[in-house]
Amino acid sequence: MSFASKLRRGAPIEGPIEPDMSNQSAGDCVAFVNDPETHGIINIVCGPRFPGLQIVNGGTREVVDYLAAGAPPKLLIVDVSDSAKPMSAMLPIIAAFAEDTKVIAIGAVNDINLYREMTEAGISDYLVKPVGDRALDGAINRAEERRQQALQASMSPGPAAVAANDKRSVISVLGTRGGVGATTVATNLAWLMAFDKKRDTILMDLDLQDGSIALALDVEPSHGLREVLDNPSRIDSLFITSVGVKCGDHLTVMAAEEGVDDEVHYNTSAVSLLVEELRKQSPILVVDVPRKAAAARAAVLAASTDIVVVTDMTLAGLRDAIRFNAMIQQVASSARVIFVANRDGGKEATVSKAEFEKALGKPVNVVLADDPKANQAAANAGKPVVAAAASSKMTAGFKSIASLLMSDAAAGKPAKKKFSFFSKKK
């Protein structure tokens with residue numbers, strides 16, 4: 001007997017109720033809550049409105065499992081009171097639910113900033129316990145209005161609408177340690193996509209203080225990127241366009257160079273909205289992801305189709321590669337992950353490629369050769385290695401990475417839908 005049936009028949013609640021995922025299809029309303037009082041309110045308010053109502057005893061972790069098992073419902077109610085960091089717990093869910101799904105979060109923290117972060121990230125409403133029937137009813141009405149508006153907008157898309165069969169990639173490049181060359185990899189990949197593949201590409205450096213992409217490409221950094229991240233309400237196509245710097249016909253660079261004495265805080269909702277807007281504007285978005293801003297890093301990875309992890313084959317590099325791989329499986333399990341070993345280790349390497357792969361449990365897809373002459377030529381020219389030293393071994397390595405990233409498009413495979421975030425475990 002389902003939990004909703006027990007409530008309707010007056011049966012007692014005994015232990016956690018597991019959702020039946022054996023024959024799951026898109027339902028009208030599914031709720032995951034942790035306490036009997038909220039169970040009862042949801043049953044009273046939602047029972048008459050949603051004949052297929054499912055109420056499950058659980059929280060954010062159970063929602064992740066539910067979304068992995070099948071189609072998301074039209075209305076999803078999530079209890080986030082089981083998490084010490086509600087917004088962080090919601091990031092995988094935000095990345096997983098379908099475009100026409102509306103989500104209402106219920107939590108124990110009464111914080112206007114949390115409410116704003118939730119709604120700016122795409123959550124329809126955030127209610128604080130104890131939840132009253134009128135508050136829940138109003139939240140559902142507002143969610144339904146927004147869902148209908150979104151459906152109407154999708155029936156008459158504007159000129160900037162993204163075609164359903166348009167292959168769009170969000171490629172995140174992440175270094176396991178400082179100095180392993182993640183920025184170099186991101187810069188060369190974006191250049192190859194734009195100049196060799198002739199694909200419109202946006203290259204964004206999210207390290208607002210210490211990022212070096214603008215320096216490597218000899219372009220002026222912009223203060224506009226920080227302004228966008230500080231003011232999510234300004235994230236629109238025109239304002240974003242003014243922030244980017246054109247490098248040729250197909251490459252746009254977004255980078256900043258904030259003062260080292262500034263306190264830079266990342267608004268995770270703004271990061272998510274910015275990535276989504278850039279994805280709409282360009283078929284390829286390459287993001288140089290900062291290692292230290294954990295929340296912003298998780299937001300970008302959750303929205304990524306591909307993640308390139310750059311490491312060296314030292315013991316420290318292996319340790320951090322294992323840790324980052326585990327983190328990626330938590331926040332971006334459906335993304336394709338490519339491991340790149342930079343600088344080939346040389347005499348300083350303490351771990352062989354075979355030992356590294358065995359401990360990591362993943363193959364090292366590409367090993368970049370150590371080529372000081374190619375790096376020096378690139379620095380002198382103010383261009384990436386692939387442009388300044390086209391015949392070098394490093395360029396061959398970068399082209400191998402680009403070929404791996406473009407393999408889906410070459411094979412004619414359809415782009416992954418947003419709600420397929422948990423459909424495939426790597």
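**View 1. Tyr66, a buried residue in the predicted model.** In this predicted model, Tyr66 has 0% relative accessibility and therefore counts as buried. Tyr66 belongs to helix H3, residues 60-69.

**View 2. The edge-to-face pair of Phe32 and Tyr66.** The count of aromatic pairs comes to two. In the pair shown here, the ring centres of Phe32 and Tyr66 are 5.4 Å apart. Their planes stand at 65 degrees, so the pair is edge-to-face; the cut-off is over 60.

**View 3. The stacked pair of Trp191 and Phe195.** The ring centres of Trp191 and Phe195 lie 4.0 Å apart. With planes at 15 degrees, the pair is stacked. Both residues sit in helix H7, residues 182-196. They are four residues apart, so about one helical turn separates them. Trp191 counts as buried at 14% relative accessibility, whereas Phe195 is partly exposed at 28%.

**View 4. Strand S1 beside strand S3.** Strand S1 covers residues 29-33 and strand S3 covers residues 75-79. The two pair in the parallel sense over four bridges. Phe32 has Val78 of S3 as its bridge partner.

**View 5. The open sheet of five strands.** The strand order is S2-S1-S3-S4-S5, and the pairing is parallel. Strand S2 (54-57) and strand S5 (125-128) form the edges, each pairing on one side only. On average, neighbouring strands of this sheet are turned by 15 degrees against each other, direction ignored.

How values were computed:
Residues are numbered from 1 along each chain as its sequence is written. This is a predicted model: local features need pLDDT of at least 70, side-chain atom pairs count only at pLDDT 80 or more; totals for chains, interfaces and linings use all residues. Side-chain values use heavy atoms; hydrogens and water are left out. Two strands pair if DSSP finds at least two bridges between them. Axes are lines fitted to C-alpha atoms, for helices over the stretch in contact, and angles run from 0 to 180 degrees between N-to-C directions. Rings of Phe, Tyr and Trp (its six-membered ring) pair if their centres lie within 6.5 Å; planes under 30 degrees apart count as stacked, over 60 as edge-to-face and the rest as tilted. Buried means under 20% relative accessible area, exposed over 50%, partly exposed in between (1.4 Å probe, protein chains only).
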